[in-house]
Amino acid sequence: MEGLEPLYRRVAGIDVHRMLHVVTAVVERADGSIEQLSREFGGFKRDCRELARWLVELNVELVVMESTGIYWKSLYSHLERAGIETWVVNAHSVKHVPGRKTDITDSQWLAVLARFGLVRGSFIPPQDLRELRLLSRYRRKLSGMHASEVNRLHKVLDDGGIKLGAVVSEIDGVSAKAMVAGLIDGKPIEVLLDMARGTLKSKREALQAALDGDLTARHMFLLAHLHAHIDLLERELAALDAFLLAAMTPYQWAHRLLQTIPGIDQIASALILIEIGDDMTRFGCADRLASWAALCPGNNESAGKRKSGKTRKGNAIIRYILCECANAARMTKSSLASKYKSLKVRKPHNKVIVALAHKMIRLIYLLLTRRVPYHDPNIDYAAMSARKNAPRWIRQLKVIGQWPGQSAPPANA
């Protein structure tokens with residue numbers, strides 16, 4: 001490209017496929033001459049190691065490859081272990097001219113763009129977090145399967161005339177699960193009513209009517225299988241959660257900080273860190289992080305007119321997690337809940353949730369950058385701490401037999 005000063009003297013572009021990697025290396029010699037070398041490698045481990053060795057022999061400074069499905073991941077790991085700086089770029093940003101497209105020309109084009117610094121690498125987390133992503137995303141699939149099976153269980157009960165879902169708040173709650181298990185075991189309604197816990201005890205008459213249905217043998221067969229599958233999924237989810245929380249040990253400081261934000265619990269905090277990591281210098285600012293997560297409006301202006309500013313495509317996983325957290329935060333007594341109420345007056349629920357998630361990801365950036373916990377202006381932390389710890393303090397003072405300013409605790413303590 002004439003008129004441009006190259007930023008890198010030795011670069012390589014890789015056109016990645018499942019079982020074929022086409023590599024073009026552009027090497028600038030000491031005398032200023034440019035040499036272009038192209039080779040093809042297979043997709044097996046030995047081929048990836050040979051590719052990395054070849055690039056090391058050429059003293060390549062930078063490698064650029066497209067984010068082709070999941071095929072780039074194995075090759076990226078080999079280049080990372082070889083100590084070669086590698087950028088994974090969005091295929092849309094490096095699209096080649098139609099009609100002049102081959103694997104060789106694609107790799108050459110990537111090398112040219114890399115040489116002059118005309119591409120920007122995507123965020124790739126460290127290997128530890130990349131491996132944890134496999135588990136966190138599998139957890140999301142299991143969670144979806146669990147929700148689907150619970151809904152199907154609800155439909156089978158309704159089909160058999162059991163209206164339990166109309167009385168209990170959650171069909172997969174402790175009381176409802178015990179009652180469903182009792183129905184499967186053929187227990188009488190009087191025994192099922194004794195399984196009610198908490199506020200359900202006051203709904204005995206409604207529960208009795210709801211549990212009086214006409215379940216056939218086929219209903220019972222399907223209910224038994226659904227109930228067993230739901231139990232299995234819950235055990236698998238619990239095992240995954242325990243593994244993910246144990247894996248947060250190296251990131252404990254960040255894991256605890258994120259939990260200070262209303263709506264973010266232990267699991268949500270772990271899932272967020274797995275997606276974005278704990279090093280915010282990679283993003284540079286909160287605006288870029290929000291844009292990467294597709295939680296901010298897009299810019300679309302032409303001829304001085306602003307067109308649709310709908311959110312762009314980004315990391316769908318972190319967007320999903322933060323929208324769930326925003327849904328939880330709107331039901332707390334925090335400034336995030338106040339923000340939701342103020343926006344809900346003029347915007348629909350889904351748009352308000354995205355706006356709340358946008359605010360939360362900016363808070364996350366600030367907390368991880370400054371390494372300070374979140375302090376909500378709407379929460380009296382001193383009063384909350386006193387309510388939580390006062391019973392323990394009183395017990396300790398009674399044990400030592402002395403209260404401040406007097407020799408014994410008052411009679412009404």
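Predicted model: local features only at pLDDT ≥ 70, side-chain atom pairs only at ≥ 80, totals over all residues.
Reader: How do you know which faces of β1 are covered?

Author: On one side, R10, A12, I14 and V16 are buried, and on the other V11, G13 and D15 are buried as well. Both faces are therefore covered, by the criterion of under 20% relative accessible area.

Reader: Why are β1 and β2 called paired strands?

Author: Two strands pair if DSSP finds at least two bridges between them.

Reader: What makes β4 a partner of β1?

Author: The same rule of at least two bridges applies. β1 and β4 (residues 62-66) are joined by 4 bridges and run parallel, so they pair. G13 stands opposite V64 in β4.

Reader: Why are β3 and β5 said to stand at the edges of the sheet?

Author: The open sheet has 5 strands in the order β3-β2-β1-β4-β5, with mixed pairing. β3 (34-42) and β5 (85-89) each have a single partner strand, so one side of each is left without a neighbour in the sheet. Neighbouring strands are turned by 20° against each other on average, direction ignored.

Reader: How do you know that helix α2 packs on this sheet?

Author: Contact means heavy atoms within 4.5 Å. Helix α2, residues 71-81, touches β1, β2, β4 and β5, so it has heavy atoms within 4.5 Å of each of these strands. The direction of α2 makes about 170° with that of β4.

Reader: What makes a set of residues a nonpolar core, and which residues have the most contacts inside the largest one?

Author: The residues must be buried, of nonpolar type, and joined through side-chain atoms within 4.5 Å. The largest such core has 51 residues, and those with the most contacts inside it are I261, I264, I272, I276, L322, M360 and I364. Its largest share, 12 residues, comes from α14. Residues touched by I264 include L258, I272, C325 and M360.

Technical notes:
Residues numbered from 1 in each chain as written. Heavy atoms only, no water. Buried < 20%, exposed > 50% of the residue type's maximum accessible area, 1.4 Å probe, protein only. Helix = DSSP H or I, 4+ residues; strand = E, 2+ residues; numbered from the N terminus. Axes fitted to C-alpha atoms, helices over the stretch in contact; angles between N-to-C directions. Lists of a residue's contacts leave out its neighbours within four places in sequence.
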